[in-house]
Amino acid sequence: MPKTPLITRTPLRLASAVLLTLAALNVPAAHAGEVTPVAVTVDARAALAAVPETGVGTNHAIWDSRLGADETADLLKDAGVTLLRYPGGSYSDIYHWADHSAPGGYVAPGTDFDTFMGGARRTGAQAMVTANYGTGTAEEAAAWVRYANVTKGYGVRYWEIGNENYGNGHYGSAWEADDHADKSPAEYARTVVAYADAMKAVDPTVKIGAVLTTPANWPDGLTADGDDGTWNKVVLSLAGPKIDFVILHWYPGALDKAAHVPDMIDLTRRQIAAYAGSGAERIGIAMTEFNTGSSSNGTNTQPGALAAADAYATLLANGVFTVDWWNVHNGIGAVTQVAGHTDYGDFGLLSSAACTSDGSVCEPPANTPFAPYYALRMVSAFARPGDRFVQAATDHAKVSAHAVRRADGDLAVLLINTSSDTSYPVTIGYSGFSPASGAPTVLTHTNGATDIARSTSGSATGRTLPPLSMTTIVVRPASAPAGLPGAPGQPTASNVTDTTAAISWPAASAGTRPIAKYEVYRNNGAVAEQLGETSGTSFTARNLTPGTRYTVNVIARDSGGGVSPASSPVTFTTGTPATGSCTVRLTDQSDWGNGYVGAIDITNNGAPINGWTLHFRWPRTWQSLGSGWSAVWTQSGSEVKVVNEPGNGSLPTGASTTIGFVGNYSGPNVLPAVFTLNGTVCATR
């Protein structure tokens with residue numbers, strides 16, 4: 001088996017970042033008594049996404065000779081893997097399923113589709129198949145659907161069309177096979193439509209996925225010559241009505257990027273809503289390749305595992321329906337020492353037993369689990385299908401928290417300590433939930449451990465987290481009253497303005513007592529903020545902040561004070577005033593993936609102005625001002641101040657002026673939305 005497909009990942013897949021180097025540490029961990037406790041807050045009223053059946057996934061590849069081994073399938077089952085993707089990354093665009101060939105690549109024995117499906121069934125996982133776009137045809141893909149679901153009855157539901165097809169050279173870099181003469185996003189989209197029509201003619205129940213670029217990851221934001229917009233805009237505009245989900249890949253290249261996820265997913269949803277046409281809300285989001293992408297920081301040692309657990313939980317909490325680790329087996333790369341252990345630079349969950357080219361270093365025996373394997377096991381034990389994520393947060397950068405509410409009323413809390421040398425005591429506060437006084441069930445994985453330890457110990461409100469550890473605490477409620485109302489239905493938001501939003505929802509089912517009222521909550525950090533209450537099933541939220549993203553839940557309260565579980569969330573973003581004394585239009589005129597040229601058109605709708613000052617704020621800490629022109633630009637913290645030059649300070653009624661700037665970013669680029677001119681909030685177009 002050649003090593004190239006096992007260990008090579010294109011550098012352009014990685015977000016540029018300053019990497020935190022973790023070296024082997026021989027100093028003892030700081031004693032918990034010397035460290036200020038970390039405050040953890042969990043709010044059961046602030047519900048997020050439900051845990052999907054396909055949430056924890058990974059990738060199989062046809063060049064992996066252990067793909068069909070029973071031992072491999074059993075290890076993946078023990079890790080809680082519920083989705084397996086095949087036939088393996090960029091190989092998908094050279095693979096022909098009928099004769100099990102991949103011209104120009106290596107195909108290992110015992111890796112054909114039937115063998116893969118046998119392993120998937122033994123694992124208990126659903127399959128996701130990537131149809132060959134690069135060198136295949138719609139007819140070939142339709143025949144695969146027929147064989148899989150009609151002839152064999154495998155019931156493969158999820159089918160991607162191609163893999164990273166934006167990497168076909170259209171934007172200047174080429175790693176993905178593509179025999180189409182036209183390599184534009186428009187051609188990809190037109191072909192996706194043809195594939196979808198042919199495949200659904202065979203089996204109307206299949207779900208078709210189209211490849212998108214991931215926000216803030218190359219080539220997101222780029223528009224090539226001759227295109228009508230970015231890859232995502234063109235693909236969604238043309239193929240949106242025919243697809244059921246979109247495909248993202250993410251190799252962040254650093255271990256602390258989970259904070260990017262909410263904006264990454266929100267921007268993707270905004271693009272879907274803007275471009276995919278009527279019914280776009282049905283389109284799901286799949287992260288079909290994910291890896292920390294950072295061999296120097298610990299690809300297969302504990303730092304990488306902690307980053308994996310944090311990212312899986314964050315992506316699933318934000319509604320991604322599967323997160324698929326790259327890869328089950330991959331191969332040895334650059335060998336380093338990370339956090340006191342050998343890191344083989346291997347992107348796999350399980351050892352390939354490979355050696356360096358000179359034979360000086362070899363991996364452990366085949367199928368030995370690497371640390372990220374235990375991250376998947378921990379996430380699967382923490383967040384089970386049907387559980388619902390609820391808001392959790394901490395007040396320390398080295399400790400992250402996630403939580404889920406279970407159908408039986410239990411609450412599970414996942415705590416991750418990324419410090420390499422400090423044990424952190426944590427105090428856990430709960431809102432909307434009263435923990436039982438007994439010792440909770442505790443699952444812990446520490447640096448270098450070869451299993452997850454399980455115990456019943458401590459309390460629900462306090463614990464000490466070892467360095468480089470992940471810990472799940474499963475807490476019983478203090479009481480479990482019967483006859484409570486069911487959760488209200490999925491809320492919707494309409495008539496959203498700069499300061500108001502109309503929220504409505506299907507009624508909750510009553511328990512043993514009638515429902516007295518509904519309470520409406522906003523997720524505000526780790527604590528839900530009550531916006532109001534009503535006896536009906538609609539509510540108008542007022543006094544909202546312009547240009548702000550809101551996530552809202554509803555709970556039902558019965559006549560005896562009993563409270564339902566929280567509804568699913570609805571997320572909306574307020575705008576700016578519909579009219580006003582000024583209007584601002586911001587456009588992203590050209591983008592190169594970590595920066596852009598912005599143009600701001602300012603129109604004075606009020607009395608004549610002689611001298612103006614424009615203010616706005618960068619929405620995220622990873623954004624900054626590079627330079628500006630046609631005005632005097634300054635930045636202080638996240639605030640940007642723009643003052644007129646002598647030649648454009650006069651704005652008569654109805655007059656406009658245009659100024660420009662270069663904006664820098666190293667994460668999802670959420671554009672500024674609120675501008676004030678001489679202290680007055682402007683309407684934004």
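Predicted model: local features only at pLDDT ≥ 70, side-chain atom pairs only at ≥ 80, totals over all residues.
**Backbone details**

- Most residues other than glycine have a negative phi, and most peptide bonds are trans.
- Another cis peptide bond runs from W218 to P219, with omega near 0°.
- P219 sits in the loop between β6 (207-211) and α6.
- N367 is not a glycine, yet its phi is positive, at about 70°.
- You can look for N367 in the loop between β11 (341-343) and α9 (371-382).

**Helices α4 and α5**

- Two packed helices are described by the angle between their axes and the distance between the axes.
- Helix α4 (residues 138-151) and helix α5 (residues 185-202) cross at roughly 25°, and their axes come within 8 Å.
- Angles under 35 degrees count as roughly parallel, so α4 is roughly parallel to α5.
- α4 and α5 form a right-handed crossing.
- On the α4 side, the contact is made by A138, A141, A142, V145, R146 and V150, while α5 brings A194, Y195, A198, M199 and V202.
- Sorted by class, this contact of α4 with α5 has 10 nonpolar residues, one charged residue and no polar ones.

**Helices α6 and α7**

- The axes of helix α6 (residues 231-239) and helix α7 (residues 261-275) are 8 Å apart, and the helices pack at an angle of about 45°.
- That angle makes α6 oblique to α7.
- The crossing in which α6 passes α7 is right-handed.
- From α6, N232, K233, L236 and S237 meet Q271, I272 and Y275 of α7.
- The contact of α6 with α7 has three nonpolar, three polar and one charged residues by class.

**The second largest pocket**

- Rolling a probe the size of a water molecule over the atoms shows where empty space is left.
- The second largest pocket holds about 770 Å³ of space.
- Its lining is made up of 31 residues, and R405, L484, V563, S564 and P565 lie nearest the centre of the pocket.
- β1 (38-50), β12 (388-394) and β25 (549-558) are the elements that give two or more residues to this lining.
- With four residues, β1 gives the most to the lining of the second largest pocket.
- By class, the lining of this pocket has 17 nonpolar residues, along with seven polar and seven charged ones.

Technical notes. Residues numbered from 1 in each chain as written. Heavy atoms only, no water. 1 Å grid on protein atoms, 1.4 Å probe; cavity = no way out; pocket = protein on both sides within 12 Å on 5 of 7 lines; lining within 4 Å. Points joined across faces, edges and corners; volume = space filled by probe spheres on them. Nonpolar A, V, L, I, M, F, W, Y, C, P; charged D, E, K, R; others polar. Axes fitted to C-alpha atoms, helices over the stretch in contact; angles between N-to-C directions. Parallel < 35°, antiparallel > 145°, perpendicular 65-115°, else oblique. Left-handed = near helix turned anticlockwise from the far one by under 90°. Contact = heavy atoms within 4.5 Å.
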